[in-house]
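Please walk through this model with the coordinates open.

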Number of protein chains: 4
Amino acid sequence: MLKAGVYGASGYTGQELLKFLSRHPDVELKAVTSRRFKDLFVSDVFPCFEGLTGIKYVDASAEEIASACDIIFSALPHGVAMDFVPKLLKSGKQVIDLSADFRLRSLPVYEKWYRKHSSADYLSRAVYGLPELYRDKLKTARLVANPGCYPTSIILGLAPALKSGLADLASIIADSKSGVSGAGREPKTGSLFCEVNEGFKPYNILKHRHTPEIEQELSALAGSDVRITFTPHLLPVNRGILSTIYAGVKKGTTTKDLIEVYKSFYAKEKFVQVLKEGAYPNISSVKGTNNCQIGLAVDSSIGRAVIVSAIDNLVKGAAGQAIQNMNIMCGLEETSGLGNIALFP
Amino acid sequence: MLKAGVYGASGYTGQELLKFLSRHPDVELKAVTSRRFKDLFVSDVFPCFEGLTGIKYVDASAEEIASACDIIFSALPHGVAMDFVPKLLKSGKQVIDLSADFRLRSLPVYEKWYRKHSSADYLSRAVYGLPELYRDKLKTARLVANPGCYPTSIILGLAPALKSGLADLASIIADSKSGVSGAGREPKTGSLFCEVNEGFKPYNILKHRHTPEIEQELSALAGSDVRITFTPHLLPVNRGILSTIYAGVKKGTTTKDLIEVYKSFYAKEKFVQVLKEGAYPNISSVKGTNNCQIGLAVDSSIGRAVIVSAIDNLVKGAAGQAIQNMNIMCGLEETSGLGNIALFP
Amino acid sequence: MLKAGVYGASGYTGQELLKFLSRHPDVELKAVTSRRFKDLFVSDVFPCFEGLTGIKYVDASAEEIASACDIIFSALPHGVAMDFVPKLLKSGKQVIDLSADFRLRSLPVYEKWYRKHSSADYLSRAVYGLPELYRDKLKTARLVANPGCYPTSIILGLAPALKSGLADLASIIADSKSGVSGAGREPKTGSLFCEVNEGFKPYNILKHRHTPEIEQELSALAGSDVRITFTPHLLPVNRGILSTIYAGVKKGTTTKDLIEVYKSFYAKEKFVQVLKEGAYPNISSVKGTNNCQIGLAVDSSIGRAVIVSAIDNLVKGAAGQAIQNMNIMCGLEETSGLGNIALFP
Amino acid sequence: MLKAGVYGASGYTGQELLKFLSRHPDVELKAVTSRRFKDLFVSDVFPCFEGLTGIKYVDASAEEIASACDIIFSALPHGVAMDFVPKLLKSGKQVIDLSADFRLRSLPVYEKWYRKHSSADYLSRAVYGLPELYRDKLKTARLVANPGCYPTSIILGLAPALKSGLADLASIIADSKSGVSGAGREPKTGSLFCEVNEGFKPYNILKHRHTPEIEQELSALAGSDVRITFTPHLLPVNRGILSTIYAGVKKGTTTKDLIEVYKSFYAKEKFVQVLKEGAYPNISSVKGTNNCQIGLAVDSSIGRAVIVSAIDNLVKGAAGQAIQNMNIMCGLEETSGLGNIALFP
């Protein structure tokens with residue numbers, strides 16, 4: 001049994017990780033940390049754990065966690081993870097970091113969008129944890145930078161079109177809509193029920209921090225610099241991201257053509273479903289699962305593709321993808337512990 | 001034109017008051033205060049005011065507000081209002097207080113459920129602002145204690161049954177469900193979208209602070225001490241309170257009998273609708289209005305009445321009722337400025 | 001591997017059964033029927049199944065289904081199941097019926113609340129499928145009548161109080177609130193998003209068909225006739241039932257006393273959690289799970305208990321309980337396939 | 001007092017019209033028709049009208065309605081209005097038609113997207129009822145084709161950019177999100193609460209019938225043929241449309257430049273608010289109002305504008321705009337009866 005720990009498990013992503021780990025057939029959950037909730041049962045903080053064997057939050061050092069576990073998930077915030085993760089690595093353990101601190105390979109880009117980086121030399125050692133693109137590297141990775149939720153939905157939505165050279169690189173627009181759990185569990189006026197419910201709005205237009213992460217991966221796929229327009233919106237639902245992506249394609253390209261390219265690209269992927277012509281994903285069809293569903297349409301006469309990609313932001317966009325990465329890094333079956341069917345309705 | 005001011009208008013009830021006052025045909029809104037939002041436009045804090053003539057929040061003393069206004073609405077929190085309201089009254093102006101500080105006529109009861117009272121002598125001078133019960137007193141009131149939201153729904157739901165002697169006083173249970181706006185706009189984990197949405201739960205069972213207020217008024221109606229069981233629940237909606245009330249009645253009493261008593265009691269009331277047999281209220285039918293809808297059923301064989309009462313907690317349960325009180329206190333048409341039809345759907 | 005089939009799997013409960021059965025380690029899903037969706041993939045009707053091995057709906061006779069399966073779940077509507085289920089039984093297979101047709105042991109009661117019964121002789125042979133009360137009988141049952149959703153929440157909430165003789169039988173009130181999936185997937189105006197969202201209302205007051213089912217089981221527990229007042233309400237959520245139950249108890253009984261009785265009653269139950277003093281369940285803590293969470297409070301001075309019980313109406317209130325029954329009937333581990341943790345948020 | 005009637009008032013738009021008309025200071029509501037609800041009180045069908053003076057649905061001919069009213073709102077569906085509206089016009093009365101039947105000026109375009117038109121000669125006589133563009137023509141109009149909800153949000157969002165020649169006509173994309181009331185009140189599986197709640201999806205990609213209406217008006221503004229990509233999505237809210245619109249602009253154009261053009265274009269409009277830099281609309285800020293709020297941003301380096309436009313689909317997108325048109329057609333104050341402030345929260 002693989003021994004796993006979660007560092008900083010007090011938020012929505014943290015508790016989601018605990019669910020996957022505690023049901024995983026090949027994993028023993030050894031430690032769950034939270035300074036704030038120290039000594040409380042997880043079920044006191046998240047009553048959905050009531051009745052499971054009593055896991056308690058502990059406050060532990062990196063070294064203590066490292067000595068108890070084979071692999072550690074860090075769910076610390078950006079800026080904190082950069083100091084903590086290297087300590088774990090030095091103790092020789094594998095780390096999956098869910099913050100943004102190791103996702104960008106370029107130090108200047110990181111420091112432009114975020115802040116000064118205290119562990120810059122690790123940027124080049126981290127593997128970007130999107131298995132559909134980096135599976136081979138992940139097999140031997142020590143440090144995995146688990147992708148952001150918006151980036152996961154957009155990169156998976158565009159990868160086949162970019163890799164195949166079908167998309168006009170100057171024309172890419174990603175109009176994304178995310179459920180509220182993406183904003184975390186900190187009490188903020190903007191995340192209050194009454195502020196969000198029966199509302200809908202965009203935010204951080206042209207300045208969301210996921211932009212450089214998306215552009216880094218799209219550029220790698222295209223083999224050339226890609227600049228996109230990315231507009232995130234806040235959806236009045238708990239979970240889910242749906243990205244509606246627009247890209248120019250050669251006039252005459254048909255929906256069938258595009259679907260064929262996508263089906264072929266994702267033919268062996270267990271967690272990506274390319275829908276048939278005329279079908280488009282709904283976030284409710286992936287709720288609670290590690291799946292990404294993709295629907296495609298092309299306006300052949302003007303040469304523009306509409307690509308719709310849906311994931312659960314807490315699963316394929318965070319905790320589930322982290323489990324998938326763990327499975328790959330540790331030589332387990334890639335789908336192990338990830339067999340959920342969407343909770344619909 | 002009546003000159004009105006709102007003191008402490010930074011919450012949901014405060015902004016709701018501003019809406020009613022700025023559309024009221026007989027009122028000029030002179031001042032709106034908030035220490036936190038000082039110098040900001042109301043529309044910067046609540047974008048639903050965008051495009052209306054620019055009202056700004058000011059930070060002003062009681063005396064400054066009093067000198068500019070004929071009547072002042074205090075939307076300060078419990079414990080703060082008790083110090084502030086007397087200052088306004090001393091300047092000779094009328095005050096409608098939306099806190100709990102002047103609702104209870106008994107000092108010991110207030111101090112048991114809330115805290116030490118700094119202005120206890122005002123308790124006996126305040127009029128409880130439920131027009132359907134205290135209209136005559138309100139006409140000459142200087143200080144009105146605007147009722148709580150749960151109490152409004154429950155007292156209106158029980159008044160005819162108690163006044164007529166129909167209800168068994170030892171058997172009263174009020175099972176109430178409230179929208180989230182009742183919890184205010186302060187950022188709290190428990191009011192976050194993800195905590196409330198797709199959830200439903202009771203809270204403060206047997207210890208909610210509205211209990212003594214409800215019992216005070218039910219006892220006055222019954223002419224004898226009434227103790228109730230009151231269970232509040234949090235509904236995943238923005239607005240609305242629905243109270244399902246149970247009370248023993250004499251066996252053989254029919255639904256028709258009860259409806260007749262209620263229709264007669266509320267015959268002249270503009271804001272209370274007693275529904276016909278078999279019809280029950282939905283909070284969506286009173287959303288945004290000052291109405292209270294009541295539905296009734298009796299199980300004649302076991303002698304138990306089910307009384308269902310619905311209001312909008314921010315309107316009949318707070319701001320709208322305050323406007324109704326103002327209209328009465330100031331000799332205006334009681335329905336003036338309160339002609340909204342529910343925003344359905 | 002147990003061979004299972006689902007007859008009439010086109011609704012919310014049907015698709016939920018398919019999820020549990022297709023993930024169940026000891027079951028092979030052999031057939032799924034729907035006249036309406038015949039020849040369609042389940043994933044065409046419910047896109048949450050996209051990417052799973054392609055199960056198709058078939059239209060098959062009772063005999064065909066019976067010959068392919070060891071156990072059959074009937075998800076046909078009331079009035080249809082009564083004709084169909086006997087055919088399956090005659091072929092010697094085990095049947096779990098999710099309709100109301102075999103839940104009532106008294107023919108006159110069934111015919112008063114529902115309609116003429118065509119297979120009345122089966123009423124006495126069916127076992128009421130609430131494992132916490134009827135586990136032993138279920139082990140050898142051929143026909144199990146899977147309980148209604150409201151009854152499950154109310155009976156589990158009251159069983160310890162009635163069995164122990166603590167509750168005053170004349171005073172029981174169940175104020176229940178259900179998510180919309182309980183109304184099924186048939187298109188009806190009253191189930192439209194805009195009719196339900198931001199609304200809340202009671203319905204079928206004093207005449208809901210689950211009343212006789214609840215009273216039958218409460219009477220059996222009490223050993224004496226019990227009549228209750230049951231008020232169902234429609235909650236604007238997808239899933240979940242929360243019942244707030246009131247019952248007289250002897251003055252002086254404390255919350256601690258009641259909790260002790262409940263903890264002892266349910267000590268060995270895997271799917272019932274009795275919460276500690278001051279904690280009350282939220283439907284979001286049982287979403288997607290087979291759990292029932294119960295919170296308790298007693299007003300000792302007036303002698304009244306408040307019992308709060310929460311389940312997922314589609315799981316412990318329908319499909320999950322059916323799986324639990326199957327596990328018991330077929331000698332499998334009772335918790336097999338039911339290890340979900342609630343999907344929160 | 002203007003005498004008004006509503007023909008076919010059984011849906012969400014119809015009841016919304018009744019609200020505006022019954023509160024309108026210059027209007028007397030003379031007749032409300034519905035074949036289905038004939039002889040029922042409006043309050044029986046829509047309980048939000050409970051307690052208002054009892055309006056009843058009647059079943060009446062075009063001639064009967066015309067003889068009782070000065071102006072008639074037709075809320076009949078597409079394909080039915082085309083036969084009915086000419087009858088009203090022949091009787092000399094003014095008509096505001098809320099269907100799509102008279103919105104398209106080109107017969108072939110109408111017949112390509114909808115069906116054979118039985119009253120094609122009226123297409124050229126109808127005035128497209130978007131007051132911000134056609135106010136002068138509306139003053140003398142006999143037949144007004146009230147715009148669609150999506151078109152209203154998109155055309156108002158693009159008008160200044162197109163009229164000023166700022167936008168690249170080949171690059172326009174409108175990514176729109178609509179509340180569920182836009183789908184009407186007919187019972188359909190896709191509009192059920194459980195299908196929509198906690199979900200989000202696009203629909204009718206590249207083939208929504210509002211496309212030609214949008215393109216007609218954008219082309220008129222641009223003075224040249226415009227083809228757009230329009231992607232509608234279904235939002236889990238009752239009301240509101242938010243359109244996120246993308247258009248190429250000359251590199252170097254700034255957000256400030258664009259805001260200036262918009263502020264100037266809409267300087268005299270009472271129902272359009274152009275937000276300041278960095279502010280974007282939320283549908284909750286226009287809920288229940290006739291307002292359109294617009295926020296703007298430009299990525300100067302790549303030359304792309306992001307235009308965000310929000311309306312209430314039932315008000316500015318339907319009933320409210322119809323009232324605004326009536327006010328203009330009948331010489332009333334344009335804002336009369338439309339003074340609502342948004343119902344937030």
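Asp175(A) and Lys177(A) are both buried. In this predicted model, the two form a salt bridge, with the closest N and O atoms 2.8 Å apart. Buried here means under 20% relative accessible area. A search over all chains finds 84 salt bridges in the whole structure.

Another of these pairs crosses between chains. It runs from Asp299(A) in strand β12 (residues 292-299) of chain A to Arg227(D), which lies in the loop between α9 (210-222) and β9 of chain D. The N to O distance is 3.0 Å. How buried or exposed are its two ends? Asp299(A) has 11% relative accessibility, so it counts as buried. Arg227(D) has a relative accessible area of 38% and is therefore partly exposed.

Asp59(B) and Arg35(B) meet through their side chains in a salt bridge of 3.8 Å, N to O. The partners come from distant parts of the chain, 24 residues apart. Asp59(B) sits in the loop between α2 (42-45) and α3 (62-68) of chain B, and Arg35(B) in the loop between β2 and α2 of chain B. Asp59(B) is at 37% relative accessibility, so it counts as partly exposed. Arg35(B) is at 66%, so it counts as exposed. Salt bridges can also share partners: Glu16(A), Lys19(A), Arg239(A) and Asp312(A) are joined into one network in this way.

Now turn to the interface of chain D and chain A. The size of an interface is often given as the accessible area lost when the parts come together. For chain D and chain A that area is about 3700 Å², with 59% of it on carbon and sulfur atoms. Which residues of chain D lose the most area to chain A? They are Glu198(D), Phe200(D) and Arg304(D), together 18% of what that side buries. Chain D brings 44 residues to the contact, and chain A brings 44 residues.

Polar pairing runs across this interface too. The count between chain D and chain A is four salt bridges. There are 26 residue pairs in polar contact, both residues being at pLDDT 80 or more. Several elements of chain D each supply at least two residues to the side that touches chain A, among them α8 (193-196), β9 (229-234) and β10 (241-248). The most comes from β7(D), with four residues.

Chain D also holds an open sheet. Six strands lie in the order β2-β1-β3-β4-β6-β5, with parallel pairing. β2 (27-33) and β5 (127-128) of chain D stand at the edges with a single partner strand each, so one side of each has no neighbour in the sheet. Further in, β3 (residues 71-74) and β4 (residues 94-97) of chain D run parallel and are joined by four bridges. There, Phe73(D) stands opposite Ile96(D) in β4(D).

Finish in chain B, at strand β1 (residues 2-7). Five of its six residues are buried. β1(B) pairs with strand β2 (residues 27-33) of chain B in the parallel sense over six bridges. To get from β1(B) to β2(B), the chain passes through helix α1 (residues 12-23) of chain B in a right-handed β-α-β crossover. Lys3(B) has Glu28(B) as its bridge partner in β2(B). β1(B) is also joined to strand β3 (residues 71-74) of chain B, in parallel, by four bridges. In β3(B), Ser74(B) stands opposite Tyr7(B).

Technical notes:
Residues numbered from 1 in each chain as written. Chains lettered and ligands numbered in written order. Predicted model: local features only at pLDDT ≥ 70, side-chain atom pairs only at ≥ 80, totals over all residues. Heavy atoms only, no water. Buried < 20%, exposed > 50% of the residue type's maximum accessible area, 1.4 Å probe, protein only. Pairing = 2+ DSSP bridges. Right-handed = clockwise from strand over helix to strand, strands pointing away. Contact = heavy atoms within 4.5 Å. Buried area = accessible area lost by both parts, 1.4 Å probe. Polar contact = N/O pair within 3.5 Å; in protein donor to acceptor, adjacent residues only side chain to side chain.
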